[in-house]
Amino acid sequence: MFLTSQMLLSYQRCSRQLFLDLYGDKALKGHPSDFRIKLSKDRIKYRSAFLESEGNWVRPDYPHQDWEAGARATLDLMQQGVPHIHGGVLKVQSPEGHTFISTPDLLTRESGVSVLGSWYYTSTDIKLSKRPKQEYQILAAYHAFLLAQMQGIDPPESWLYLRDKGWYQVDLDLVLPKLLGLIPDLIAIVQQEFEPEVFIVRNRCQLCAWFDHCYSRAQHEQHLSLLPGVTPSRYPILLQHNLRTVEAIAALQPHQLNQKTGFGLAVSQQLIYQARSTVSQRPLLLETPEPFIVLSRVPDSPIELYFDIEAEPSINVVYLNGVLLVNQITGHQEFFPFVAETPDQERQAWEEFVAFVMAYPQAPIYHFCPYEVQTVKRLARQYGASGEVLELLLPRFIDVHRWITQAVTLPVENYTLKVIARWIGFEWRNAEANGAQSICWYEDWLKTGDRTLLDIILEYNEDDW
């Protein structure tokens, strides 16, 4: 039985994803989205750029995914003492008959005594991520775990190369025990063909090709993971107390749920309100709607501005500052897009946006979640906006998401803009439109110059308000 580094990575992201990749009905697996395809291409491009900068690596010659041949060719290069090996295969057979396979992006020769000679190897994985995610660190530890057995010496270090951060040394003393704790569970899934329970975590699940299949299953089972506030860490605690349904949670009082679970009164109240709203399919006002205190400080202005940003993180550019102007007296609405048609126009689009909103000094600026404010602060630093501008601008921002979540509980599965908007009956003109797809459209615009792509982005951004 082969246990590959890709299996380990899939298992860490979602044990059910690994099971479905191995044993699931492939007809139920969705096609990758444009954004997922883009991410894959971006990873390949980033890895290629790094490897080109290194320059002096050797790739072992073996047929694609022929792990036996790949391991032999890699070991041959290691025994020769090749300085850098790209695309190598590490292979170790355990006494129990398990074959462990890993494919680090780069193996680098270091000075020191091993069974290979007066050298040994360390691994590097090249990741587009801006931070050293736990799953990547455990993968790096897996490479080190196999290298130790192949060369008779523990590598003292293992590396990630990250976007923006550059080199990151993995703390093997800390991470290796975590790896060793995961391996038995990984083996159990692969060997026993045990199907892990469905659990929907939207920010992790939506890029998975199995999402539609798992989501349908969760809906059919009325699974608790569809209830906002039920996290992977809280779910097992709820099960321990036989709280397996939304109705069971809805029937409790906050002090009862807190006493059973130790979640705290605030979290217990949130879960109970959410369960009751879901069961009744009605919104419920919270007892202490804090946002109405904030509302009393909203500037008295007939003009309201609704602000939404579109950005491309892989090239670190804000390509659209969209503002919908609403005149509450006349009922007139008009959309003003400040577009960076090329990345080097970001500054111009930013300055035009600032000039526009400053022309309405009393108008509140509504946005959804903190991202817009965070980005305005960053762009202000980047392009040298005066402190006076920020002092005048920032107090005008009003987070609609914060208002909603602190004032009312809605019968929804999450509190994203699209879910809330669709609950109240709004539909986007383009059913395929979302933030990830907008990024893909912008990339295609930069490649093709097709203005219909820009028009679609502007329409989507306007619909967001």
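Is serine 114 buried or exposed, and what is its relative accessible area? Buried, at 12%, where buried means under 20% relative accessible area, exposed over 50%, and partly exposed in between, with a 1.4 Å probe and protein chains only.

Quick housekeeping, then. This is a predicted model, so I'm quoting local features at pLDDT of at least 70 and side-chain atom pairs at pLDDT 80 or more, while totals for chains, interfaces and linings use all residues. Residues are numbered from 1 along each chain as its sequence is written, and side-chain values use heavy atoms, with hydrogens and water left out.

Back to serine 114. You'll find serine 114 in strand β5, residues 106-114; strands here are DSSP runs of E, at least two residues, and helices are runs of H or I, at least four, numbered from the N terminus. Setting aside neighbours within four places in sequence, serine 114 is in contact with Trp119, Tyr120, Gln151 and Ile153, contact being heavy atoms within 4.5 Å.

So, the sheet that β5 belongs to. We have an open sheet of 5 strands, in the order β2-β5-β6-β7-β8, and the pairing is mixed; two strands pair if DSSP finds at least two bridges between them. At the edges stand β2 (84-86) and β8 (166-170), and because each has a single partner strand, one side of each is left without a neighbour in the sheet. From one strand to the next the twist averages 30°. β2 pairs with β5 in the antiparallel sense, over 3 bridges, and isoleucine 85 stands opposite leucine 107 in β5. Helix α4, residues 67-80, packs on this sheet, touching β2, β5 and β6 (117-127), and its direction makes about 130° with that of β6. For those angles, axes are lines fitted to C-alpha atoms, for helices over the stretch in contact, and the values run from 0 to 180 degrees between N-to-C directions.

Aspartate 105 counts as buried, at 10% relative accessibility. Its side chain makes a polar contact of 3.2 Å with that of arginine 47. By polar contact I mean a pair of N or O atoms within 3.5 Å; within protein, one must be able to donate a hydrogen and the other to accept it, and residues adjacent in sequence count only if both atoms are side-chain atoms. Beyond four places in sequence, the contacts of aspartate 105 include Ile85, His86 and Thr124.

On to strand β4 itself, residues 99-102. Both faces are covered: Thr99 and Ile101 are buried on one side, Phe100 and Ser102 on the other. β1 (residues 2-4) runs parallel to β4, with 3 bridges, and β3 (residues 90-93) runs antiparallel to β4, with 4. Look at phenylalanine 100: leucine 3 is its bridge partner, and valine 92 stands opposite phenylalanine 100 as well.

Which residues touch the most other members of the largest nonpolar core? Met78, Tyr121 and Ile249, out of 68 residues. The largest share of this core, 10 residues, comes from helix α5 (residues 134-151). There's also a second, separate core of 24 residues, with Phe307, Val318, Leu390 and Leu393 among them. A nonpolar core, for the record, is a set of buried Ala, Val, Leu, Ile, Met, Phe, Trp, Tyr and Cys residues joined through side-chain atoms within 4.5 Å.

Asparagine 434 caps the N-terminal end, with a side-chain oxygen 3.1 Å from the backbone nitrogen of alanine 436. After α19 comes glycine 449, with a positive phi near 70°.

Most residues other than glycine have a negative phi. Aspartate 164, however, has a positive phi near 75°; it sits in the loop between β7 (158-162) and β8 and is exposed, at 65%. Glutamine 222 has a positive phi of about 50°, lies in the loop between α8 and α9 (235-240), and is exposed at 59%.
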